[in-house]
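Please look over the sheets and the nonpolar core with the notes below. They go strand by strand and then turn to side chains.

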Amino acid sequence: MWQNSRSLFIRAGIAAIKLMCAIVIFFSFVFTMYAAGPAIETKYYPVVSKLDIVSLTPLPDGRTEIRASFTKLRNCEYLGLAWYVGTRPENFSRVPVILLRDQQDSSSPNRPLGRQQAGPWIISMPEAELRGRSFAQLTHRCHPFWTTVTEFYP
């Protein structure tokens with residue numbers, strides 16, 4: 001009788017240790033996914049392809065108007081576009097972007113999958129800086145865990 005209760009106690013202890021190990025592994029996995037997931041998704045699963053500038057028009061006030069095209073690869077909700085002047089990681093700053101639409105375009109900012117034409121967009125920097133010293137990022141919501149950032153330009 002005494003050996004049965006001792007054996008039962010040992011089995012319960014082993015089960016408790018296994019449960020604790022499983023809990024630690026689960027929370028470690030969740031933490032790793034939240035820490036590494038956004039970087040992995042940015043690098044290997046972008047929402048859109050790189051931006052192709054179709055036309056670039058310098059404006060008299062030092063800004064630049066562009067028309068662009070790109071391919072939407074994943075069906076995610078568009079949140080925003082950020083354009084920066086400078087070089088990473090040393091010194092850069094965000095510049096204003098005005099996203100205009102053709103007068104005939106009354107569609108949602110969330111585009112379907114496939115090749116897209118966009119613009120005109122007014123980027124608040126001269127053409128030379130736009131081509132040589134700028135970069136852009138798009139932000140989308142693809143799932144409830146984090147926002148997805150895509151390196152959009154260059």
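**Notes on the sheets and core**

1. β1 and β2 are antiparallel partners, joined over six bridges. Within this pairing, L56 has I66 in β2 as its bridge partner. The model is a predicted one.

2. The order β1-β2-β6-β5 describes an open sheet of four strands with antiparallel pairing. Its edges are β1 (52-58) and β5 (97-99), each of which pairs on one side only. From one strand to the next, the twist averages 25°.

3. Four strands also make up an open sheet in the order β4-β3-β7-β8, again paired antiparallel. β4 (91-95) and β8 are at the edges with a single partner strand each, so one side of each has no neighbour in the sheet. Here the twist averages 30° from one strand to the next.

4. Inside that sheet, β3 and β7 pair antiparallel over eight bridges. The bridge partner of W83 in β7 is A136.

5. Which residues touch the most other members of the largest nonpolar core? They are L51, I66, W83, W121, I123, L130 and F152, in a core of 21 residues. Two or more residues of this core come from each of β2 (64-72), β3 (77-87), β6 (114-123), β7 (134-141) and β8 (148-153).

6. W121 deserves a separate entry. Leaving out residues up to four places away in sequence, W121 touches L51, T64, E65, I66, L81, W83, I98, L99, L100 and F152. Among these, L51, I66, W83 and F152 are also on the list of core residues that touch the most other members.

Terms used. Residues are numbered from 1 along each chain as its sequence is written. This is a predicted model: local features need pLDDT of at least 70, side-chain atom pairs count only at pLDDT 80 or more; totals for chains, interfaces and linings use all residues. Side-chain values use heavy atoms; hydrogens and water are left out. A nonpolar core is a set of buried Ala, Val, Leu, Ile, Met, Phe, Trp, Tyr and Cys residues joined through side-chain atoms within 4.5 Å. Buried means under 20% relative accessible area, exposed over 50%, partly exposed in between (1.4 Å probe, protein chains only). Contact means heavy atoms within 4.5 Å. Two strands pair if DSSP finds at least two bridges between them. Axes are lines fitted to C-alpha atoms, for helices over the stretch in contact, and angles run from 0 to 180 degrees between N-to-C directions.
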